[in-house]
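Keep the viewer open as you read.

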Amino acid sequence: MRKTFGTGSVWEQTLGYSRAVQVDNTLFISATAASGPEGIVGDDFYSQTKYILEKLGTVLEDAGFSYEDVVQSKLYLTDISKWEDAGRAHGEVFGEIRPTLALVHVLPFLDPDMLVEIELVAQKSA
């Protein structure tokens with residue numbers, strides 16, 4: 001079984017991708033930024049990470065998953081020296097769940113106000 005999920009972003013149609021794709025009991029969520037209706041939300045690594053994780057909580061829920069189902073998390077940071085700020089927000093959500101984690105230092109994103117993107121993989125027990 002393969003099912004796709006969107007958030008209505010114009011980029012999803014333009015670039016030809018889905019916010020999330022479920023294959024059987026696994027949900028793959030595309031890298032997601034802190035973009036809201038009025039532009040980028042937050043101006044620091046902590047607030048952007050927190051906003052993105054809230055946004056991804058909705059994506060998980062819409063697909064019938066939860067934070068507890070997340071098995072892998074990747075944080076893409078434009079300034080690796082701010083890893084503790086992003087990590088603190090991540091730990092507030094995943095502290096007891098403890099998925100695998102990658103902190104990846106990247107060049108600036110298309111929008112220079114974007115500091116963080118997060119990609120998740122969630123899996124339900126068979």
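Predicted model: local features only at pLDDT ≥ 70, side-chain atom pairs only at ≥ 80, totals over all residues.

## Ground rules

Let's begin with accessibility: a residue is buried under 20% relative accessible area, exposed over 50%, and partly exposed in between, with a 1.4 Å probe and protein chains only.

Residues are numbered from 1 along each chain as its sequence is written, and side-chain values use heavy atoms, leaving out hydrogens and water.

## The sheet

Helices (H or I, at least four residues) and strands (E, at least two) are DSSP runs, numbered from the N terminus. Two strands pair if DSSP finds at least two bridges between them. On that basis, six strands make an open sheet with mixed pairing, in the order S1-S2-S3-S8-S6-S7. Strand S1 (2-5) and strand S7 (100-105) are the edge strands, each pairing on one side only. For angles, axes are lines fitted to C-alpha atoms, for helices over the stretch in contact, and the values run from 0 to 180 degrees between N-to-C directions. With direction ignored, neighbouring strands of this sheet are turned by 10° against each other on average.

Now follow the pairing through the sheet. Strand S2 (residues 20-23) is antiparallel to S3, with four bridges between them; here Gln-22 has Leu-27 of S3 as its bridge partner. S3 in turn runs antiparallel to S8, joined by six bridges, and Leu-27 stands opposite Ala-122 in S8. On to S6: this strand pairs with S8 over seven bridges, again in the antiparallel sense, and Lys-74 stands opposite Glu-119 in S8.

## Helices and core

H2 lies across S1, S2, S3, S6 and S8, running at about 30° to S8. H3 lies across S6, S7 and S8, and runs at about 160° to S6.

A nonpolar core is a set of buried Ala, Val, Leu, Ile, Met, Phe, Trp, Tyr and Cys residues joined through side-chain atoms within 4.5 Å. The largest one here has 23 residues, and the members touching the most others are Leu-27, Ile-29, Leu-56, Leu-60, Val-116, Ile-118 and Leu-120. At least two residues of this core come from each of strand S3 (26-33), helix H2 (45-62), strand S6 (70-77), helix H3 (83-94) and strand S8 (116-123). H2 gives the largest share, six residues.

Leaving out residues up to four places away in sequence, Ile-29 touches Arg-19, Ala-20, Leu-56, Val-59, Leu-60, Glu-119 and Leu-120.

Ala-31 is found in strand S3. Ala-31 and Arg-19 are twelve residues apart in sequence, and their C-alpha atoms lie 8.1 Å apart.

## Salt bridges

How many salt bridges does the structure hold? There are two, a salt bridge being a side-chain nitrogen of Lys or Arg within 4 Å of a carboxyl oxygen of Asp or Glu. One joins the side chains of Arg-19 and Glu-12 at 3.6 Å, N to O, and both of these residues are buried.

Another salt bridge joins Asp-69 and Lys-124, with the closest N and O atoms 3.6 Å apart. This pair links distant parts of the chain, 55 residues apart: Asp-69 sits in the loop between H2 and S6, and Lys-124 in the segment after S8. Asp-69 counts as buried at 15% relative accessibility, whereas Lys-124 counts as partly exposed at 34%. Beyond four places in sequence, Asp-69 touches Val-121, Ala-122, Gln-123 and Lys-124.

## An aromatic pair

Rings of Phe, Tyr and Trp (its six-membered ring) pair if their centres lie within 6.5 Å; planes under 30 degrees apart count as stacked, over 60 as edge-to-face and the rest as tilted. The structure holds one aromatic pair. Tyr-67 and Phe-94 form this edge-to-face pair, 5.7 Å centre to centre with 90° between the planes. Tyr-67 is in the loop between H2 and S6 and Phe-94 in helix H3, so the pair links distant parts of the chain, 27 residues apart. Phe-94 is buried, with a relative accessible area of 2%, while Tyr-67 counts as partly exposed at 23%.

How values were computed: Contact = heavy atoms within 4.5 Å.
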